[in-house]
Amino acid sequence: MFRVQTFIKRPDILITDLSSLYEKESTYFIEISNEAELIRYGNQFDFTCLEGAIKLEYYGESLLDASAWDVIDGIWLYLLDTMESLKETGYGKMNFPDQPLILTLKSASEQFVLYTLHTSPPVKAVLPKQDFFMVMLGGAEQFFKTMERCFKGNFQYFSEIKRIEALKRQ
């Protein structure tokens, strides 16, 4: 039903042609579960501005893809903020760190959330709230734990992992 993946942009390759982004995705990005390759590139990454992307699909339909690549820990942190805001107020909004891109989440009912990625045309979907939260929190947790494991000393995500655990319990 849902599929979420995190990618880290390869530090030695510039993305100059957006039209080739999808067909050459593995040329530009490393999937977060490929820890050996992440570690291999480790000394080349700029950890102060680590670029990456999140791919989110719902029943095979793309809701977020590599064209929205940005500072990857910033994307995950802002998504956590947005999900917390949704839980507290019924509405959450995030701007991507370095792109003119906005994502909103709005409660449509107790069980559903309206997801909108404000592109032209916008990407909209009504999603099952609980499943959406669980898959996104799982993706965030995988990202933060993998970064800590692969790049000890460069990242300390203890508080983010605790936030994810707390959100999972709500």
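**Close-up 1. Strand β3 and its antiparallel partners.** Two bridges connect β3 to strand β5 (residues 70-71), and these strands run antiparallel; strands pair if DSSP finds at least two bridges between them. The model is predicted: local features need pLDDT of at least 70 and side-chain atom pairs count only at pLDDT 80 or more, whereas totals for chains, interfaces and linings use all residues. Residues are numbered from 1 along each chain as its sequence is written, and side-chain values use heavy atoms, with hydrogens and water left out. Strands (E, at least two residues) and helices (H or I, at least four) are DSSP runs numbered from the N terminus. Glu-51 has Val-71 as its bridge partner in β5. Strand β1 (residues 2-9) is joined to β3 by seven bridges, also in antiparallel orientation, and Val-4 is partnered with Leu-56 of β3.

**Close-up 2. The hairpin of β3 and β4.** Three bridges link β3 to strand β4 (residues 61-64), and the two run antiparallel. Leu-56 has Leu-64 of β4 as a bridge partner. Two residues separate the strands of this hairpin, and Tyr-59 in the turn has a positive phi of about 50°. Six of the eight residues of β3 are buried (under 20% relative accessible area with a 1.4 Å probe, protein chains only; exposed is over 50%, partly exposed in between).

**Close-up 3. The pair Phe-45 and Phe-151.** The structure holds 13 aromatic pairs; rings of Phe, Tyr and Trp (its six-membered ring) pair if their centres lie within 6.5 Å, with planes under 30 degrees apart counted as stacked, over 60 as edge-to-face and the rest as tilted. The ring centres of Phe-45 and Phe-151 are 5.8 Å apart and the planes lie at 85°, so this pair is edge-to-face. Phe-45 belongs to the loop between α2 (35-41) and β3 (51-58), and Phe-151 to the loop between α4 (129-150) and α5 (158-169), so the pair ties together parts 106 residues apart in sequence. Phe-45 is buried at 8% relative accessibility, and Phe-151 is buried at 4%.

**Close-up 4. The pair Phe-144 and Tyr-157.** With centres 4.6 Å apart and planes at 55°, the rings of Phe-144 and Tyr-157 form a tilted pair. Phe-144 lies in helix α4 and Tyr-157 in the loop between α4 and α5, 13 residues apart. Phe-144 is buried at 0% relative accessibility, as is Tyr-157 at 5%.

**Close-up 5. An aromatic cluster and a charge over a ring.** Phe-2, Tyr-58, Tyr-59, Tyr-115, Phe-132 and Phe-133 form one aromatic cluster. The charged end of Lys-87 sits over the ring of Phe-133, 4.6 Å from its centre (NZ of Lys or CZ of Arg within 6 Å of the ring centre and within 35 degrees of the ring normal).
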